[in-house]
Amino acid sequence: MKKLEKFTKKQIELQSEIRDKWIKIALKDKDINKEECEAGVKWMYYISKLKEPKVIFVDSPKDFAKKFRASVRDSVGASVCWTSLCGDAEFGAWYEYWKKIKVVKNKEVDKYIGFLKSGAFYCMFFEKVAFVMRRPTIVKQNERKQLHSINSPALVFKDGTEIYKLNGVQFEKEWWDKIVNDKMSPEEVFAIDNIEHRRIAYEFMDKTKMKQLKDYKVLDEVKDDGFGNEMKIVSFTVQNMETPLLFLNCFCPSSKREYFLQTEKDTCQEAKMASFGLKADDKFTKEW
């Protein structure tokens, strides 16, 4: 393999081409090639020095749970490991890119890449049985290639199982409906424990609702955090709490996502540094 000193323009352009190819392989290609997939599963057991398993194909996460429960434990055996096309597609893209520009090459990895391309969306490997899930039949994404839909499920499987996601974050249908239709009050949004769920719910909420929060106040404000973004410490009460909650309202320097991070500090600088486990007078070498 040759040593790479510098990327050419063509090599740089190839990166996004292969990235999109593997997103398609993971989510949008035709149905699974059962013969190739089964051969790939048995090959992995063989090189792992395990006996050839029975291969069972399933249509969705719900179907997997049903068929697994229906199996007798002794007929399944101990868990070996798992793999997923939606996760290993990242490795597939990485390997195929470096192979195409003649930096890496490995026959066994080539065979594993062939298995991934056969279309096994998710696999659970047990001692005697391997469960292999087919790809979803419907996939919807946003412009950043994240699973996302505000009108319907982001994923639909062959047996009708639906998965709802907003900008890559998964929700139960009831919560998804409330968020996309802005049915939640600010109190309900800020009472959400999961920080990613809270962030998405806030993104979809009409921001003028913030004024409805009990005792809503801006305690401190910075017009520019060094990256062109505002920072605020806001205070309010929810669910009849006697002590107001404090949140650092800030933006990620790289993704520009807006966050409300709960804090005990009442100034932007103190709250920001505390979120990194630092003191107010500590210094960043570089912020990401």
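E258 is a residue of strand β12. The model described here is predicted. E258 has a relative accessibility of 18% and therefore counts as buried, the cut-off being under 20%.

Two side-chain polar contacts involve E258. One joins E258 to N249 at 3.0 Å, and another joins E258 to Y202 at 3.4 Å. With neighbours within four places in sequence left aside, E258 is in contact with R199, Y202, N249, C250 and F251. Of these, R199 and Y202 are among the buried residues of helix α9.

Strand β12 covers residues 258–263, and β11 covers residues 245–251. The two strands pair in the antiparallel sense over six bridges. In this pairing, L246 stands opposite T263 of β12. β11 and β12 form a hairpin, with six residues between them. In the turn, K256 has a positive phi of about 65°.

β11 also pairs with β10, again in the antiparallel sense, over five bridges. Here I233 stands opposite L248 of β11. Why is β11 described as largely enclosed by the rest of the structure? Six of its seven residues are buried, so the strand is largely enclosed.

## Helix α9 and the sheet β5-β6-β7-β8

An open sheet is formed by four strands in the order β5-β6-β7-β8, with antiparallel pairing. Its edge strands are β5 (138–139) and β8 (169–171), each of which pairs on one side only. Helix α9 (residues 195–204) packs on this sheet and touches β7 (162–166) and β8. The direction of α9 makes about 85° with that of β8. V139 stands opposite L155 in β6.

Which residues of α9 are buried? They are R198, R199, I200, A201 and Y202. These buried residues pack against β7 and β8, and also against α7 (173–180), α8 (186–190), β11 and β12. The N-terminal end of α9 is capped by N194, which has a side-chain oxygen 2.9 Å from the backbone nitrogen of E196.

## Aromatic pairs

A search of the whole structure gives 23 aromatic pairs. F91 and W94 form a stacked pair, because their ring centres are 5.9 Å apart and their planes lie at 25°, with under 30 degrees counting as stacked. Both residues belong to helix α5 (residues 85–100) and are three residues apart, about one turn of the helix. In general, an α-helix has 3.6 residues a turn, so residues three or four places apart point the same way. F91 is partly exposed at 33% relative accessible area, and W94 is partly exposed at 46%.

Y216 and F236 form a stacked pair too, since their ring centres are 6.5 Å apart and their planes are at 20°. This pair links distant parts of the chain: Y216 is in strand β9 (residues 214–222) and F236 is in strand β10 (residues 231–237), 20 residues apart. Is Y216 buried or partly exposed? Y216 counts as partly exposed, at 28% relative accessibility. F236, in contrast, is buried, with a relative accessible area of 0%.

Y216 and F236 are members of one aromatic cluster, along with F190, Y202, F247 and F260.

## R134 in the β4–β5 loop

R134 is found in the loop between β4 (129–133) and β5. Its relative accessible area is 9%, so R134 counts as buried. The side chains of R134 and D59 are joined by a polar contact of 2.7 Å.

Which residues does R134 touch, not counting those up to four places away in sequence? They are D31, I32, K34, F57, V58, D59, F121, F157 and K158. L14 is 120 residues from R134 along the chain, and their C-alpha atoms are separated by 28 Å.

How values were computed: Residues are numbered from 1 along each chain as its sequence is written. This is a predicted model: local features need pLDDT of at least 70, side-chain atom pairs count only at pLDDT 80 or more; totals for chains, interfaces and linings use all residues. Side-chain values use heavy atoms; hydrogens and water are left out. Two strands pair if DSSP finds at least two bridges between them. Contact means heavy atoms within 4.5 Å. Axes are lines fitted to C-alpha atoms, for helices over the stretch in contact, and angles run from 0 to 180 degrees between N-to-C directions. Buried means under 20% relative accessible area, exposed over 50%, partly exposed in between (1.4 Å probe, protein chains only). A polar contact is a pair of N or O atoms within 3.5 Å; within protein, one must be able to donate a hydrogen and the other to accept it, and residues adjacent in sequence count only if both atoms are side-chain atoms. Rings of Phe, Tyr and Trp (its six-membered ring) pair if their centres lie within 6.5 Å; planes under 30 degrees apart count as stacked, over 60 as edge-to-face and the rest as tilted.
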